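Dear colleague,

Please find below the structure that I am handing over to you. My notes on it follow directly after the sequence and the coordinates.

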Amino acid sequence: MHADVFRALADPTRRAVFERLARPDEARQEMSVSELRAGFAVSQPAISQHLAVLKGAGLVTERRQGRHAYYRVAPQGLGPLVDWVARYRAFWPGRIEKLKDLLKEMEG
Amino acid sequence: MSAETPKQPNGESVVVECELEAPPEKVWRALSEPALLARWLLPTRAVAPADGALAFDGEAEGLARRIDCRLLDAEPNRRLSYLWREPAGESVVTFELSDSAAGGTWLKVVHGGFTVGGAQARIAPPLPGRRRKAANDNGLILRCAA
């Protein structure tokens, strides 16, 4: 289903990379691999690998310009996480009704 | 008066409150006894986890086929908190009970703390005052729990 998104974000470094991209300074929406790498104790190929997984999960989009690649957050990338919470928003009111029914059936 | 209003106070939890026509002691049993939980919350799976947790089957409700539910915190007749673990990640379901004016129970259900990947990231609203353009249309971001 949406397992890719959850799997992609389960890795701490990958999540941190995504997080950095999701909160660009001011209005900047796009970052290069080296900008994204700054501050992480991992190699550039490793960062590129993480970005490839994020891209595969639909969380980021890539723009290539010559030898450089730039990344930005995909607008609907976090949709599965939103859906996750939304399912419970729909779930609980109905459960409360069933709880009321049960309380009527219970003794004492 | 009963009011069941799903609310979204901060973008990361689901809150439902209502008045129940039963005393807190009785509501407590329905929220804490596995056999009673299975009658209103979700069906329990045949094979229970070894550690005394409950395993629910959420498939019929559009949820995960297996939800492991483990008691986190309990204050009898007042407060009950469950860790809610499913393949997508973990969250916390808390029931708060108080006496209602009509002699029943005021119940507040808070389902929050949605986390992915071993409780290290959570869905959170943008920080107040932070300018954010359309990084994602839904306004949710991940916040790493330091």
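In chain B of this predicted model, strand β2 (residues 54-56) is joined by three bridges to strand β3 (residues 67-75), and the two run antiparallel. Ala55(B) is found opposite Asp68(B) of β3(B). Helices (H or I, at least four residues) and strands (E, at least two) are DSSP runs, numbered from the N terminus, and two strands pair if DSSP finds at least two bridges between them.

The pairing continues from β3(B) to β4(B), again in the antiparallel sense, over seven bridges. Here Glu75(B) stands opposite Arg79(B) in β4(B). These two strands form a hairpin with three residues between them, and Asn77(B) in its turn has a positive phi of about 65°.

Strand β4 of chain B (residues 79-86) is in turn joined to strand β5 (residues 89-99) of chain B by eight bridges, in an antiparallel arrangement. Glu86(B) lies opposite Gly89(B) of β5(B). The hairpin of β4(B) and β5(B) has two residues between the strands.

Nine bridges then connect β5(B) with strand β6 (residues 105-116) of chain B, the two running antiparallel. Glu90(B) has Thr115(B) in β6(B) as its bridge partner. The hairpin of β5(B) and β6(B) has five residues between its strands, and Gly103(B) in the turn shows a positive phi of about 90°. β6(B) also pairs with strand β1 (residues 14-20) of chain B, which is antiparallel to β6(B) and joined to it by seven bridges. Within that pairing, Val15(B) has Val110(B) as its bridge partner.

As to conventions, residues are numbered from 1 along each chain as its sequence is written, while chains are lettered from A and ligands numbered from 1 in the order in which they are written. Because this is a predicted model, local features need pLDDT of at least 70 and side-chain atom pairs count only at pLDDT 80 or more, whereas totals for chains, interfaces and linings use all residues; side-chain values use heavy atoms, with hydrogens and water left out.Chain A has five helices and three strands, which follow the pattern α-α-β-α-α-β-β-α along the sequence. Its C-alpha trace spans about 70 × 25 × 25 Å along the principal axes. The radius of gyration of chain A is 20 Å, whereas a compact globule of 108 residues would have one near 13 Å. This radius is taken over C-alpha atoms, and the globule rule is 2.2 Å times the number of residues to the power 0.38.

The three strands of chain A form an open sheet in the order β1-β3-β2, with antiparallel pairing. Its edge strands, each pairing on one side only, are β1 (31-32) and β2 (60-65). Six bridges link β2(A) to strand β3 (residues 68-73) of chain A in the antiparallel sense, and Glu62(A) stands opposite Tyr71(A) in β3(A). Helix α2 (residues 12-22) of chain A lies across β1, β2 and β3 of that chain and runs at about 80° to β3(A). Axes are lines fitted to C-alpha atoms, for helices over the stretch in contact, and angles run from 0 to 180 degrees between N-to-C directions.

α2(A) also packs against helix α4 (residues 44-56) of chain A at an angle of about 75°, with the axes 10 Å apart. The two helices are therefore roughly perpendicular to each other; angles under 35 degrees count as roughly parallel, over 145 as roughly antiparallel, 65 to 115 as roughly perpendicular and the rest as oblique. Thr13(A), Arg14(A), Val17(A) and Phe18(A) of α2(A) make the contact with Ile47(A), His50(A), Leu51(A), Val53(A) and Leu54(A) of α4(A), where contact means heavy atoms within 4.5 Å. Of the residues in this contact, six are nonpolar, two polar and one charged. In this division Ala, Val, Leu, Ile, Met, Phe, Trp, Tyr, Cys and Pro count as nonpolar, Asp, Glu, Lys and Arg as charged, and the others, Gly among them, as polar.

Between the chains, the axes of helix α5 (residues 79-105) of chain A and helix α1 (residues 24-32) of chain B come within 11 Å and cross at roughly 120°, which makes α5(A) oblique to α1(B). The contact involves Leu99(A), Leu102(A) and Leu103(A) of α5(A) together with Lys26(B), Val27(B), Ala30(B) and Leu31(B) of α1(B). Six of the contact residues of α5(A) with α1(B) are nonpolar, none is polar and one is charged.

With kind regards
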